[in-house]
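Have the chain open in a viewer while you read.

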Amino acid sequence: MSKLKGKDPATVTPGKIKMMTFSKSGIGKTWLSMDFPRPFYIDSEGGARLGHYQEKLKASGGAYFGPDDGALDFQSVIEQVQALATEKHEYKTLAITITKLYQTAIANEAERLGDKDAFGASKKPAIAFMRRLVNWIQRLDMNVLFEAHEAIEWGINPKTGNREEIGQIPDVWDKLVYELDLTLKLVKRGSSRIAIVHKSRLLGFPEGEHFPLEYAEFATRYGKDFIEADVKPVVLASDEQIAEIRKLLDLVKVDEDFEEKTLKKAQAESWKELTEDQAGKVVLFLKKRMEVQ
């Protein structure tokens with residue numbers, strides 16, 4: 001019997017967009033996010049508390065979660081994303097100002113470590129939080145827009161051998177770009193605001209191409225019907241399913257790292273974060289294993 005597990009390629013619809021915008025201050029990241037349908041805006045910087053942003057957010061049918069609500073605390077932000085993923089609600093877009101949230105987590109850990117902060121130790125908790133956040137973002141049936149500041153990208157000039165500025169990158173965890181479908185650099189040219197495709201997996205957004213920074217233009221390129229589609233909540237494992245998994249694990253012999261590998265594959269931190277379908281598959285696997293032991 002063959003051990004090959006490859007499947008026939010399936011027809012896949014785009015679904016909701018998962019993306020990031022980055023730029024200097026004042027180019028239009030927040031304004032663009034609030035043009036998306038029904039945004040739930042997580043504002044770690046507090047800038048969107050200004051009246052004109054609040055009015056725009058209200059007109060968009062959105063909601064605001066700012067620093068006073070916990071937007072500078074990773075655990076609080078992840079809990080909000082978990083709730084958005086699993087509860088029935090009217091929101092269709094999640095926007096997160098990510099740079100200050102990420103950098104604050106690093107600064108807090110650096111202060112805690114003091115003289116023991118070496119070899120990037122202060123970044124470890126922030127990166128762990130980012131991985132958890134990304135796992136939930138991928139499960140979330142909403143458009144997701146991360147907003148990041150702009151940072152200098154440094155490199156070696158092959159002619160001189162000197163280290164010098166070679167471009168701009170998002171000021172956040174460097175792996176985030178690769179976890180998303182699209183990253184746009186926003187710039188201002190005269191009176192116009194432009195989106196430049198920095199990194200892309202999407203045919204409608206070739207890398208290096210640019211277009212007007214307008215929701216209507218973006219929606220046309222990506223597919224308005226996908227962006228504005230209704231949201232379907234994730235159904236998590238029931239208490240009964242979790243209890244059955246734990247009971248079976250007491251009865252069935254499995255590898256020591258079975259739980260770790262199973263949860264990692266499911267992008268979950270614990271059995272409680274499994275979906276109903278994932279938990280059902282774990283139960284079925286353990287029952288079959290018990291039959292042959």
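## A loop residue and its surroundings

Leaving aside residues up to four places away in sequence, isoleucine 27 touches Leu186, Val187, Lys188, Arg193 and Leu213. The model is a predicted one. Isoleucine 27 sits in the loop between β1 (18-23) and α1 (29-35). Is isoleucine 27 buried or exposed? Its relative accessible area is 11%. The cut-off for buried is under 20%, so isoleucine 27 counts as buried. Glycine 6 is 21 residues away from isoleucine 27 along the chain, and the C-alpha atoms of the two are separated by 45 Å.

## The strands

Strand β7 covers residues 182-189. Leu186, Val187 and Lys188 are among the residues that isoleucine 27 touches. β7 is mostly covered, with six of its eight residues buried.

| Strand pair | Sense | Bridges |
|---|---|---|
| β1 and β7 | parallel | four bridges |
| β7 and β8 | antiparallel | eight bridges |
| β8 and β9 | antiparallel | three bridges |

Threonine 21 has leucine 184 in β7 as its bridge partner. Strand β8 runs over residues 192-200. Lysine 185 stands opposite isoleucine 196 in β8. Arginine 189 stands opposite serine 192, also in β8. The hairpin of β7 and β8 has two residues between the strands. In that hairpin, glycine 190 takes a positive phi near 65 degrees.

Strand β9 spans residues 210-212. Which residue of β9 is the bridge partner of alanine 195? That partner is phenylalanine 211.

## Two helices side by side

Helix α9 holds residues 239-251, and helix α11 holds residues 276-292. Their axes come within 10 Å and cross at roughly 25 degrees. Angles under 35 degrees count as roughly parallel, so α9 is roughly parallel to α11. The crossing of α9 past α11 is left-handed.

Which residues make the contact? From α9 come Gln241, Glu244, Ile245, Leu248, Leu249 and Leu251. From α11 come Glu276, Ala279, Gly280, Val282, Val283, Leu286, Lys287 and Met290. By class, the contact of α9 with α11 has nine nonpolar, two polar and three charged residues.

## The chain as a whole

The protein chain has eleven helices and nine strands. Its C-alpha trace spans about 70 × 50 × 45 Å along the principal axes. Of its 293 residues, 43% count as buried. How much of the contact set joins residues at least 24 apart? Among contacts between residues at least 6 apart in sequence, the share is 61%.

Technical notes: Residues are numbered from 1 along each chain as its sequence is written. This is a predicted model: local features need pLDDT of at least 70, side-chain atom pairs count only at pLDDT 80 or more; totals for chains, interfaces and linings use all residues. Side-chain values use heavy atoms; hydrogens and water are left out. Two strands pair if DSSP finds at least two bridges between them. Axes are lines fitted to C-alpha atoms, for helices over the stretch in contact, and angles run from 0 to 180 degrees between N-to-C directions. Angles under 35 degrees count as roughly parallel, over 145 as roughly antiparallel, 65 to 115 as roughly perpendicular and the rest as oblique. A crossing is left-handed if the near helix is turned anticlockwise from the far one by less than a right angle, and right-handed if clockwise. Contact means heavy atoms within 4.5 Å. Ala, Val, Leu, Ile, Met, Phe, Trp, Tyr, Cys and Pro count as nonpolar, Asp, Glu, Lys and Arg as charged, and the others, Gly among them, as polar. Buried means under 20% relative accessible area, exposed over 50%, partly exposed in between (1.4 Å probe, protein chains only).
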